[in-house]
Amino acid sequence: MIPTRKSRSILIRDLPIGGDAPIAVQSMAATPTTDITATLRQVRLLEAAGADLIRIAVDSKRDVEALRQIRTETDARLSVDLQENYRLAELVAPLVDKLRYNPGHLHHHEREKSARDKVKYLVEIAGANDCAMRIGVNAGSVAPHYKERFADDHLSAIVQCAADHCALIDDLGFQHYVVSIKDSDPQTVIHANLRFAEARPDVPLHLGVTEAGMPPDGVIKTRLAFEQLLSRGIGDTLRVSLTVPFDEKGMEIAVGRELIADIAAGRFRSVPPNFFDGLNIIACPSCSRVENTAFIELAEEVKRATAYADEYDLTIAVMGCRVNGPGETDDADLGLWCGPTQVHLKRGEELVGAFGYGEVIARLRAELDALIASRA
Ligand code: SF4
């Protein structure tokens with residue numbers, strides 16, 4: 001039930017992606033990269049779960065030094081998430097097999113430099129170090145230029161951004177790259193990837209529903225998108241993003257393999273037309289930027305404490321850090337982003353206040369009650 005894919009095949013070290021290659025399953029270390037022991041433990045846990053590729057975030061020179069140490073201790077295929085500081089590429093490329101950059105983060109440094117020049121720099125570094133690349137477009141951090149150009153058309157903004165970056169890399173004569181276009185809404189993931197694959201069937205695609213949240217809902221949202229895409233021959237590698245305790249991160253790999261096996265065997269799960277009605281809780285899968293591991297328990301507590309509002313069409317977003325949390329909660333009716341000791345509670349784009357981990361649930365419920373009352 002998985003048709004032949006039309007993408008070209010690239011290599012991430014010895015791992016073929018695209019073309020006839022099996023669909024690769026990957027995940028990401030959720031621990032702070034500078035905590036070498038915890039990150040290595042995470043890498044080994046994901047490797048034992050069968051991960052083909054493991055991503056580690058790097059955002060500072062301290063992270064680079066930690067990664068250098070981690071590299072000496074593991075032979076796992078590693079991908080680096082460059083996050084906002086793309087200039088670290090030259091330091092990390094010799095240590096990893098793949099560089100991921102987010103076009104929406106390139107503007108944070110050297111604002112006077114063009115995106116083209118920054119991509120050229122990345123491509124040259126990748127080429128010199130035998131690294132593959134990923135253009136990782138994320139709906140929560142769309143590049144400002146695309147946000148302005150496609151103000152009312154989010155889908156076009158993310159697809160066009162990916163297509164333009166492919167054109168930039170093609171112009172530079174580099175072929176070893178994949179693209180991902182992720183959103184927390186599975187329908188957007190489906191439509192964006194369908195549209196992109198139609199325009200660029202040659203480019204291998206990395207699939208994912210970002211901030212899918214906790215199982216089982218996070219698994220269902222992901223399955224929904226993957227069933228529609230893989231069954232059309234779209235998708236060459238994937239990540240299942242789940243909000244689970246660090247020690248259970250291997251679940252992302254197990255679920256990914258199970259989804260592929262089910263789709264290949266024609267075992268599809270249908271969802272009723274009202275599946276998206278009611279309360280929607282989105283939560284980030286956590287990464288090295290999580291500032292307090294209590295975030296994961298908080299996400300679970302949010303789910304339990306708001307279950308009474310199940311029938312209301314509202315979205316609550318729970319994010320693990322101050323870097324992406326503020327922006328990625330903007331579109332939710334109520335948002336929480338977690339700092340080291342406090343959780344920031346938002347109503348749409350407006351900040352309600354910062355509260356301790358022990359008190360924020362009561363404040364969230366008060367906001368939720370007010371929202372429900374205002375819609376009565
Ligand atoms: S919101 Fe922050 S902690 Fe969560 S996955 Fe994104 S960058 Fe990582």
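Predicted model: local features only at pLDDT ≥ 70, side-chain atom pairs only at ≥ 80, totals over all residues.

Q: OK, how many bridges join β14 to β15, and do they run parallel or antiparallel?
A: Six bridges, and the two strands run antiparallel. Strand β15 covers residues 350-356.

Q: Which residue stands opposite Lys346?
A: Leu351 in β15.

Q: And what about β13 and β14, what do they form?
A: A hairpin too, with three residues between the strands. β13 is residues 334-338 and β14 is residues 342-347. They run antiparallel, joined by five bridges. Across that pairing, Trp337 stands opposite His344 in β14.

Q: Switching topic: what do the eight strands close into?
A: A barrel. The order is β3-β4-β5-β6-β7-β8-β9-β10, and the pairing is parallel.

Q: Zoom in on β8 and β9 for me. Over how many bridges do they pair?
A: Two bridges, in the parallel sense. Strand β8 spans residues 177-182 and strand β9 spans residues 205-207.

Q: Now helices. At what angle do α6 and α7 pack?
A: About 40°, with their axes 10 Å apart. α6 runs over residues 154-171 and α7 over residues 186-199. With that angle they are therefore oblique to each other.

Q: Left-handed or right-handed crossing?
A: The crossing of α6 and α7 is right-handed.

Q: Which residues make the contact?
A: On α6 they are Leu155, Ile158, Val159, Ala162 and Ala163. α7 brings Thr188, His191, Ala192, Arg195, Phe196 and Ala199. By class, the contact of α6 with α7 has eight nonpolar residues, two polar and one charged.

Q: What's the angle between α4 and α6?
A: About 55°, again with the axes 10 Å apart. That makes α4, residues 115-128, oblique to α6. The crossing of α4 and α6 is right-handed.

Q: Which residues meet there?
A: Arg116, Val119 and Val123 in α4 meet His165, Leu168 and Ile169 in α6. That contact of α4 with α6 divides into four nonpolar residues, one polar and one charged.

Q: How far apart are the axes of α8 and α9?
A: 10 Å, and the packing angle is about 40°. Here α8 is residues 217-230 and α9 is residues 250-264. The two are therefore oblique to each other, and α8 passes α9 in a right-handed crossing.

Q: Which residues make that contact?
A: From α8 you get Val219, Arg223, Phe226, Glu227 and Leu230. From α9 you get Val255, Leu259, Ile260 and Ile263.

Q: And how do the residues of the contact of α8 with α9 divide?
A: Seven are nonpolar, none are polar and two are charged.

Q: Last topic, the ligand. How many residues surround it, and which are the closest?
A: 13 residues surround the ligand. The closest are Cys284, Cys287, Gly320, Cys321 and Asn324.

Q: What does the shell look like by class?
A: Seven residues around the ligand are nonpolar, four are polar and two are charged.

Terms used: Residues numbered from 1 in each chain as written. Near = placed C-beta within 6 Å. Nonpolar A, V, L, I, M, F, W, Y, C, P; charged D, E, K, R; others polar. Axes fitted to C-alpha atoms, helices over the stretch in contact; angles between N-to-C directions. Helix = DSSP H or I, 4+ residues; strand = E, 2+ residues; numbered from the N terminus. Parallel < 35°, antiparallel > 145°, perpendicular 65-115°, else oblique. Left-handed = near helix turned anticlockwise from the far one by under 90°. Contact = placed C-beta atoms within 7 Å. Pairing = 2+ DSSP bridges.
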